[in-house]
Amino acid sequence: MADTAANIITYVGVPLAVAGVLPILYNTIATLVLLRKVKKALVESKAETLAIRSDVVNRIIEVELPRYRITALDRENDHYWRPQLTTKAVAGGTWTLLDWKRNRMGSKVQRFQYIDELRMLQAELGLGELVAYLLDLGAKPHPLGWSVLRSNGLWTPEDQCLMSRPDGDASVLAVASSDDSDGHLSLRLMWTAGHDPMRQRSSRAPGWIRLQFVTLIDPTDTAAESPTMVDQAEHDVVHDRTSTAEEKRQGNLDNFLDCELGAEGLGCVLDKGIVEIDVSHFNHSDSAVEGLWFATILSAYATKGGAMPMYAINDALLLLVSKAVIPCGVLVILGVVPDSEAPEWSRKYQMYTRAGAGRVSSTGEDPVIDRMQKARQQWSSFEQNRQENIQSALDSICWESSKVAQHSFAWLQSRSAEANHIAPRMESVVASILHLMIRDIAFARDLCMMLESWRAWNHSRGMQQRDVETLQSDLSLFTKAALLIGFIKSSSESEKGKVARDIHKCLGAHQVVRLG
């Protein structure tokens with residue numbers, strides 16, 4: 001019996017005991033293999049771990065990962081321009097494809113049994129900073145993506161492209177799953193091999209706008225009409241036939257200003273990209289209309305040129321420039337609109353004036369007194385007709401701002417021989433006006449007050465007779481202001497303007513996002 005019992009223990013009990021240990025051995029080996037894979041994946045993704053623990057009995061891995069607040073490196077840093085294309089990003093960690101400044105803001109423990117369940121914590125950063133960084137690397141906004149994001153917000157479909165390659169063939173930034181977003185918008189990078197940055201350190205950073213100055217000669221300027229300058233010009237033409245508008249254009253290429261336009265308004269201005277200019281008169285505040293208007297015009301100029309400024313134009317100003325404020329009859333009286341395009345009310349008035357001029361009666365008294373009375377009657381009739389003409393002009397149909405801007409641009413070109421050769425585009429004239437606003441504080445103040453008149457005319461019942469009389473004394477300033485109002489409207493209604501407006505709305509709604 002003893003031998004039988006020993007045999008049972010030997011041949012039955014031992015195998016059963018070994019079989020009972022096998023699951024533990026299997027779990028131990030599987031856990032060690034899984035632990036090795038996790039460590040390898042974390043190393044390849046260049047992820048920092050606070051702790052890695054394993055439960056060999058239950059085959060569970062615990063990984064404590066930090067959460068970061070990230071910002072872009074300095075542009076002078078070489079790693080700013082080098083995507084980490086050798087990095088194999090773990091799910092949720094696509095932000096590691098680029099180098100960042102990191103600031104740890106907490107941690108989270110993950111427990112999982114399979115490598116596919118490993119998720120890196122998404123990094124937190126400002127959406128404006130992310131967009132500016134990708135724009136600096138050469139990415140371009142995807143119009144449809146930003147429009148969908150503005151409409152749907154956090155319910156935007158996953159994989160919706162927001163930023164793409166310059167050729168538009170591949171996505172660079174897209175909407176991601178919101179598993180780890182904690183109520184924030186979740187995005188992910190899609191930078192792959194071959195997506196080298198299209199720009200380099202020597203390129204102007206986003207937010208920097210170059211203003212090229214174009215000389216605009218106004219014949220009403222007494223200095224421009226002085227005999228000395230005329231004689232000098234004739235001397236240049238006679239002795240050097242190459243001293244023409246082409247040379248002036250070449251000279252203007254060296255006269256430029258680089259302006260930094262941020263979300264809060266104008267930052268700094270560099271003369272020829274080197275010397276900083278004092279622009280304290282453009283302090284962006286509620287009491288400083290110069291800063292508000294300058295930032296608005298500069299943002300419209302940048303948008304028209306294909307850039308994506310971070311400054312969002314005020315909705316109230318966008319509504320203002322979309323309104324028809326200036327009556328067409330006023331433009332005729334001021335001489336901005338030619339007689340060939342005069343409306344019907346003007347021709348009727350001219351007929352009325354000619355008919356009334358011949359109805360001055362004679363008293364038959366002394367010829368001297370008779371002539372004086374005729375003169376008074378003629379002056380009274382002229383003044384009455386002038387007042388009626390102005391009132392008729394004020395009651396005429398208001399033209400939209402873009403049409404007024406076109407006529408103002410034509411008027412400025414007709415008053416400047418240089419503009420016909422050097423500034424055939426409205427953008428060139430706008431750049432020159434911005435250039436002059438920086439250089440001449442008094443001009444900037446007067447121009448902005450003229451622009452503020454549009455707001456007053458829109459909020460009140462329109463222009464008054466005294467406004468027309470005031471404009472007649474400073475027609476050049478009025479036409480420049482009208483050109484700028486129409487230019488802002490044209491820029492905001494363009495395709496690039498609509499995309500910029502969508503992006504600005506999204507930046508306001510999602511100031512902080514999770515990138516993973």
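**Salt bridges and cover**

Author: Start with a pair of side chains: Glu-124 and Arg-514 form a salt bridge, and their closest N and O atoms are 3.3 Å apart. Keep in mind that this is a predicted model.

Reader: Where do Glu-124 and Arg-514 lie?
Author: Glu-124 is in strand E4 and Arg-514 in strand E15, so the pair ties together parts 390 residues apart in sequence.

Reader: Is Arg-514 buried or exposed?
Author: Arg-514 is buried, because its relative accessible area is 5%, and buried means under 20%. Glu-124 is buried too, at 12%.

Reader: Which residues are linked with them in a network?
Author: The salt-bridge network holds Arg-69, Glu-124, Asp-182 and Arg-514.

Reader: How many salt bridges in the whole structure?
Author: A search finds 14. One of them joins Arg-210 and Asp-258, with the closest N and O atoms 2.9 Å apart. That pair links strand E9 to strand E10, 48 residues apart. Arg-210 is partly exposed at 31%, whereas Asp-258 is buried at 7%.

Reader: New topic. How many residues of helix H2 are buried?
Author: Eight of its 11, so helix H2 (residues 127-137) is mostly covered. Among the buried ones are Leu-127, Tyr-133 and Asp-136.

Reader: What follows H2?
Author: Gly-138, with a positive phi near 110°.

Reader: And which residues form the nonpolar surface patch?
Author: Val-21, Leu-22, Ile-24 and Leu-25, with about 340 Å² of accessible area together. Ile-24 lies in helix H1 and is partly exposed, at 44% relative accessibility.

Notes
Residues numbered from 1 in each chain as written. Predicted model: local features only at pLDDT ≥ 70, side-chain atom pairs only at ≥ 80, totals over all residues. Heavy atoms only, no water. Patch = residues over 30% accessible without salt bridge, like charges linked within 9 Å, V, L, I, M, F, W, Y side chains within 5 Å. Areas by Shrake-Rupley, 256 points an atom, 1.4 Å probe, with all protein chains shown as cover. Salt bridge = Lys/Arg side-chain N within 4 Å of Asp/Glu carboxyl O. Helix = DSSP H or I, 4+ residues; strand = E, 2+ residues; numbered from the N terminus. Buried < 20%, exposed > 50% of the residue type's maximum accessible area, 1.4 Å probe, protein only.
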